[in-house]
Amino acid sequence: MNYNDGYYHLKKDLLDYPDAVIYVAWSFRGPGKTYSALRMCKEEKIKFIYLKRTADDVDLLCAASSGKAIEVDASPFVPLNRDFGWNIKPVSLKKGIGAFCDMDKENKDPIGIILALSKTKSIKGVDFSDVDIIILDEFVPQVHEIIRKKEFEALMDFMLTASRDRIARGRKPLKLMTQNASKKQK
């Protein structure tokens, strides 16, 4: 893979900094932060959690699977599906919770889980032992968004829930990839 093609490659950061647990990608829009992370997870068969800030964010992302007559696919897999001939679609499970499924597979097993950070407080006793990375998309709130008190603490609490006893079971630490786009393109 050409890591000098002008795009961001999460895989390169994972190779260059294997002991890191948190990876922060911050740039203008366009170098493929989300694209890179989701592509790597799909190609390497890495189970992931795609974390958005709010349940409304997740519901918009899953709108294409709503069964309504008019569908808008707001999934971050749209460009990946186009570029690689994949058919990965978000499927809503309930408000603020969904999954990315390969619609070409007969069993439609999820390749990734979609969660809202605002919903993680109600997720207790759930086994995420097959998840190796959490991709937190757009972690810095937009100017018009309501900022929930203690979002960082909620994220860290969820990381502990998702990590559980993975080290004791011989698994590598759960990784967190956070990304955000700056307003001005340079």
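**Reading the contacts, rings and charges**

Modeller: Let us begin with Lys89, which touches Asp73, Ala99, Phe100, Cys101 and Met103 when residues up to four places away in sequence are not counted. Please keep in mind throughout that this is a predicted model.

Biologist: Where is Lys89 placed, and how far apart in space are Lys89 and Ala74?

Modeller: Lys89 belongs to strand β3. Between Lys89 and Ala74 there are 9.8 Å from C-alpha to C-alpha, and the two are 15 residues apart in sequence. With a relative accessibility of 29%, Lys89 counts as partly exposed, because that class lies between the limits of 20% for buried and 50% for exposed.

Biologist: Is Lys52 buried or exposed?

Modeller: Lys52 counts as buried, at 12% relative accessibility. This lysine sits in strand β2. Its side chain makes a polar contact of 2.9 Å with the side chain of Asp137.

Biologist: Which residues is Lys52 in contact with, leaving aside its neighbours within four places in sequence?

Modeller: They are Asp57, Val58, Leu115, Ala116, Leu117, Asp137 and Glu138.

Biologist: Let us turn to the rings. How many aromatic pairs does the structure hold?

Modeller: There are 6 aromatic pairs. One of them joins Tyr35 and Phe84, whose ring centres are 6.4 Å apart, with 45° between the planes; this pair is tilted. Tyr35 counts as partly exposed at 24% relative accessibility, and Phe84 is partly exposed with a relative accessible area of 31%.

Biologist: Why is the pair of Phe48 and Phe100 called tilted?

Modeller: The planes of Phe48 and Phe100 stand at 35°, so the pair is tilted, and the ring centres are 5.9 Å apart. An angle under 30 degrees would count as stacked and one over 60 as edge-to-face. Phe48 lies in strand β2 and Phe100 in strand β4, residues 97–102, so the pair ties together parts that are 52 residues apart in sequence.

Biologist: Are Phe48 and Phe100 buried or exposed, and which residues form one aromatic cluster with them?

Modeller: Both Phe48 and Phe100 are buried. Together with Tyr50 and Phe77 they form one aromatic cluster. A ring may also be read together with a charge: Lys42 lies over the face of Trp86, at 5.1 Å from the ring centre.

Biologist: How many salt bridges does the count come to?

Modeller: The count is 11 salt bridges. One of them is formed by Asp16 and Lys12, with the closest N and O atoms 2.6 Å apart. Both residues lie in helix α1, residues 10–16, and are 4 residues apart, which is about one turn of the helix. Asp16 counts as partly exposed at 40% relative accessibility, and Lys12 counts as partly exposed at 29%.

Biologist: What separates Glu43 and Arg39 in helix α2?

Modeller: Glu43 and Arg39 are 4 residues apart in helix α2, so about one helical turn separates them. Their side chains meet in a salt bridge of 3.1 Å, N to O. Glu43 is partly exposed at 37% relative accessible area, and Arg39 is partly exposed at 21%.

Biologist: Which residues are linked in a network of salt bridges?

Modeller: The network links Asp56, Asp59 and Lys95. Within it, Lys95 forms a salt bridge with Asp59, the closest N and O atoms being 2.7 Å apart. This pair links distant parts of the chain: Lys95 is in the loop between β3 and β4, Asp59 is in helix α3, residues 55–61, and the two are 36 residues apart. Lys95 is partly exposed, with a relative accessible area of 43%, and Asp59 counts as partly exposed at 25% relative accessibility.

Notes. Residues are numbered from 1 along each chain as its sequence is written. This is a predicted model: local features need pLDDT of at least 70, side-chain atom pairs count only at pLDDT 80 or more; totals for chains, interfaces and linings use all residues. Side-chain values use heavy atoms; hydrogens and water are left out. Buried means under 20% relative accessible area, exposed over 50%, partly exposed in between (1.4 Å probe, protein chains only). A polar contact is a pair of N or O atoms within 3.5 Å; within protein, one must be able to donate a hydrogen and the other to accept it, and residues adjacent in sequence count only if both atoms are side-chain atoms. Contact means heavy atoms within 4.5 Å. Rings of Phe, Tyr and Trp (its six-membered ring) pair if their centres lie within 6.5 Å; planes under 30 degrees apart count as stacked, over 60 as edge-to-face and the rest as tilted. A charge sits over a ring if NZ of Lys or CZ of Arg is within 6 Å of the ring centre and within 35 degrees of the ring normal. A salt bridge is a side-chain nitrogen of Lys or Arg within 4 Å of a carboxyl oxygen of Asp or Glu.
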